[in-house]
Amino acid sequence: MSNNPDTIRIVIPLALKRRNGRPRIVPPADIEMTADGRALDPRLLRAIARAWDWRRRLERGEAATLKDIAAAEGVTVPFISRFLRLAYLSPMVLEQLLINRCPCPLSLDRLATVAQAPWQQQPSLIFEE
(Lines give C-alpha, C1' and ligand atoms only; values in the text may rest on other atoms or scores of the structure.)
Protein backbone atom coordinates (compact mmCIF):
# COMPACT_ATOMS: atom_id res chain seq x y z
CA MET A 1 0.00 0.00 0.00
CA SER A 2 1.39 3.37 -0.99
CA ASN A 3 1.74 6.17 1.54
CA ASN A 4 1.56 8.75 -1.25
CA PRO A 5 -0.71 11.65 -0.16
CA ASP A 6 -2.17 11.69 -3.69
CA THR A 7 -3.39 8.10 -3.36
CA ILE A 8 -7.12 7.61 -2.99
CA ARG A 9 -8.24 4.40 -1.32
CA ILE A 10 -11.68 3.08 -2.24
CA VAL A 11 -13.30 0.43 -0.05
CA ILE A 12 -16.26 -1.37 -1.57
CA PRO A 13 -18.20 -3.30 1.08
CA LEU A 14 -19.03 -6.63 -0.53
CA ALA A 15 -19.36 -10.21 0.62
CA LEU A 16 -18.74 -13.53 -1.09
CA LYS A 17 -21.59 -16.02 -1.05
CA ARG A 18 -21.62 -19.48 -2.57
CA ARG A 19 -24.49 -20.48 -4.79
CA ASN A 20 -24.52 -23.88 -6.45
CA GLY A 21 -20.88 -24.24 -5.40
CA ARG A 22 -19.81 -21.06 -7.20
CA PRO A 23 -18.76 -17.90 -5.37
CA ARG A 24 -20.87 -14.80 -5.98
CA ILE A 25 -20.13 -11.22 -4.99
CA VAL A 26 -23.11 -9.76 -3.15
CA PRO A 27 -23.66 -6.68 -1.01
CA PRO A 28 -23.48 -7.37 2.74
CA ALA A 29 -26.88 -7.96 4.36
CA ASP A 30 -26.85 -4.61 6.15
CA ILE A 31 -26.65 -2.56 2.92
CA GLU A 32 -28.81 -4.46 0.47
CA MET A 33 -31.57 -1.85 0.41
CA THR A 34 -31.39 1.80 -0.52
CA ALA A 35 -32.79 4.48 1.75
CA ASP A 36 -36.12 4.40 -0.07
CA GLY A 37 -36.38 0.60 0.12
CA ARG A 38 -35.19 -0.29 -3.38
CA ALA A 39 -32.68 -3.10 -3.69
CA LEU A 40 -29.19 -2.25 -4.87
CA ASP A 41 -28.27 -3.72 -8.22
CA PRO A 42 -25.89 -6.59 -7.40
CA ARG A 43 -24.68 -6.59 -11.02
CA LEU A 44 -23.41 -3.04 -10.57
CA LEU A 45 -21.64 -3.91 -7.32
CA ARG A 46 -20.14 -7.04 -8.86
CA ALA A 47 -18.97 -5.18 -12.00
CA ILE A 48 -17.26 -2.43 -9.99
CA ALA A 49 -15.63 -4.95 -7.65
CA ARG A 50 -14.36 -7.02 -10.59
CA ALA A 51 -13.00 -3.90 -12.32
CA TRP A 52 -11.08 -2.91 -9.19
CA ASP A 53 -9.74 -6.46 -8.85
CA TRP A 54 -8.49 -6.38 -12.45
CA ARG A 55 -6.93 -2.97 -11.92
CA ARG A 56 -5.11 -4.18 -8.79
CA ARG A 57 -3.84 -7.28 -10.64
CA LEU A 58 -2.35 -5.06 -13.35
CA GLU A 59 -0.85 -2.60 -10.86
CA ARG A 60 0.72 -5.37 -8.75
CA GLY A 61 2.10 -7.17 -11.79
CA GLU A 62 -0.03 -10.26 -11.15
CA ALA A 63 -1.23 -9.89 -14.74
CA ALA A 64 0.87 -8.35 -17.47
CA THR A 65 -1.89 -7.71 -20.01
CA LEU A 66 -5.64 -7.61 -20.41
CA LYS A 67 -5.26 -10.86 -22.33
CA ASP A 68 -3.90 -12.52 -19.16
CA ILE A 69 -6.92 -11.36 -17.16
CA ALA A 70 -9.36 -12.39 -19.91
CA ALA A 71 -7.85 -15.87 -20.02
CA ALA A 72 -8.03 -16.22 -16.23
CA GLU A 73 -11.64 -14.98 -16.15
CA GLY A 74 -12.80 -16.93 -19.21
CA VAL A 75 -14.00 -13.82 -21.04
CA THR A 76 -12.84 -11.77 -24.01
CA VAL A 77 -10.28 -8.97 -24.03
CA PRO A 78 -12.88 -6.43 -25.24
CA PHE A 79 -15.09 -7.36 -22.26
CA ILE A 80 -12.21 -6.75 -19.82
CA SER A 81 -11.26 -3.54 -21.61
CA ARG A 82 -14.79 -2.16 -21.53
CA PHE A 83 -15.57 -2.95 -17.90
CA LEU A 84 -12.12 -2.18 -16.51
CA ARG A 85 -13.16 1.45 -17.05
CA LEU A 86 -15.47 1.12 -14.02
CA ALA A 87 -12.34 1.11 -11.84
CA TYR A 88 -11.77 4.69 -12.97
CA LEU A 89 -15.09 6.19 -11.88
CA SER A 90 -14.64 9.35 -9.86
CA PRO A 91 -14.63 9.12 -6.07
CA MET A 92 -17.79 11.29 -6.01
CA VAL A 93 -19.63 8.83 -8.27
CA LEU A 94 -18.44 5.84 -6.24
CA GLU A 95 -19.60 7.54 -3.05
CA GLN A 96 -23.06 8.15 -4.52
CA LEU A 97 -23.38 4.60 -5.85
CA LEU A 98 -21.78 2.59 -3.06
CA ILE A 99 -22.07 4.59 0.14
CA ASN A 100 -25.15 6.75 -0.40
CA ARG A 101 -26.73 3.88 -2.40
CA CYS A 102 -28.14 6.11 -5.10
CA PRO A 103 -29.54 3.95 -7.89
CA CYS A 104 -27.65 4.20 -11.14
CA PRO A 105 -29.94 5.32 -13.97
CA LEU A 106 -27.47 4.05 -16.60
CA SER A 107 -26.78 0.59 -17.98
CA LEU A 108 -23.41 -0.93 -17.13
CA ASP A 109 -22.24 -0.35 -20.71
CA ARG A 110 -23.20 3.32 -20.57
CA LEU A 111 -21.64 3.70 -17.10
CA ALA A 112 -18.39 2.22 -18.44
CA THR A 113 -18.46 4.75 -21.28
CA VAL A 114 -19.05 7.66 -18.88
CA ALA A 115 -16.10 6.47 -16.77
CA GLN A 116 -13.84 7.75 -19.56
CA ALA A 117 -15.01 11.34 -18.94
CA PRO A 118 -13.06 13.64 -16.60
CA TRP A 119 -13.94 13.06 -12.94
CA GLN A 120 -15.58 16.46 -12.49
CA GLN A 121 -18.01 15.76 -15.36
CA GLN A 122 -19.00 12.21 -14.36
CA PRO A 123 -21.59 13.01 -11.63
CA SER A 124 -23.62 15.22 -13.96
CA LEU A 125 -23.39 12.68 -16.79
CA ILE A 126 -24.63 9.87 -14.55
CA PHE A 127 -27.11 11.37 -12.12
CA GLU A 128 -28.55 14.28 -14.09
CA GLU A 129 -29.39 12.64 -17.39
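**Exercise 1. How many salt bridges does the count come to?**

Solution. The model is a predicted one. Start with the rule: a side-chain nitrogen of Lys or Arg must lie within 4 Å of a carboxyl oxygen of Asp or Glu. By this rule the count comes to six salt bridges. The general idea is simple: side chains of opposite charge can pair when their charged atoms come close.

**Exercise 2. Which side chains meet R57 in a salt bridge, and where do the partners lie?**

Solution. 
- Step 1. Take D53. Its side chain meets that of R57 in a salt bridge, at 2.8 Å from N to O.
- Step 2. R57 and D53 are four residues apart in helix 1, so about one helical turn separates them.
- Step 3. Take E73. The side chains of E73 and R57 also meet in a salt bridge, here at 2.7 Å from N to O.
- Step 4. E73 is in helix 2 and R57 is in helix 1, 16 residues apart, and the pair links distant parts of the chain.
- Step 5. Check the surroundings. R57 has a relative accessibility of 17%, and buried means under 20%, so R57 counts as buried. D53 is partly exposed at 28%. E73 is partly exposed too, at 26%.

**Exercise 3. Which parts of the chain does the salt bridge of D109 and R82 tie together?**

Solution. 
- Step 1. Find the contact. The side chains of D109 and R82 meet at 3.1 Å, N to O.
- Step 2. Find the helices. D109 lies in helix 5 and R82 lies in helix 3, so the pair ties together parts that are 27 residues apart in sequence.
- Step 3. Read the accessibility. D109 has 41% and counts as partly exposed. R82 has 31% and counts as partly exposed as well.
- Step 4. Now look at the shared partners. Salt bridges that share partners join R50, D53, R57 and E73 into one network.

**Exercise 4. Why is the pair of F79 and F83 tilted?**

Solution. 
- Step 1. Read the geometry. The ring centres of F79 and F83 are 4.9 Å apart and their planes are at 55°, so the pair is tilted.
- Step 2. F79 and F83 are four residues apart in helix 3, about one helical turn.
- Step 3. Check F83. At 10% relative accessibility, F83 counts as buried.
- Step 4. Join the pairs. Ring pairs link W54, F79 and F83 into a cluster.

**Exercise 5. Which residues touch the most other members of the largest nonpolar core?**

Solution. 
- Step 1. Name them. The core has 26 residues, and I48, L86, L89, L97, L111 and I126 touch the most other members.
- Step 2. Trace the sources. Helix 1, helix 2 (66-73), helix 3, helix 4 (91-99) and helix 5 (108-114) each supply at least two residues. Helix 1 gives the most, with seven.
- Step 3. Zoom in on L111. Not counting residues up to four places away in sequence, L111 touches L44, L86, L89, L97, C104, L106 and I126.

Definitions and conventions. Residues are numbered from 1 along each chain as its sequence is written. This is a predicted model: local features need pLDDT of at least 70, side-chain atom pairs count only at pLDDT 80 or more; totals for chains, interfaces and linings use all residues. Side-chain values use heavy atoms; hydrogens and water are left out. Rings of Phe, Tyr and Trp (its six-membered ring) pair if their centres lie within 6.5 Å; planes under 30 degrees apart count as stacked, over 60 as edge-to-face and the rest as tilted. Buried means under 20% relative accessible area, exposed over 50%, partly exposed in between (1.4 Å probe, protein chains only). A nonpolar core is a set of buried Ala, Val, Leu, Ile, Met, Phe, Trp, Tyr and Cys residues joined through side-chain atoms within 4.5 Å. Contact means heavy atoms within 4.5 Å.
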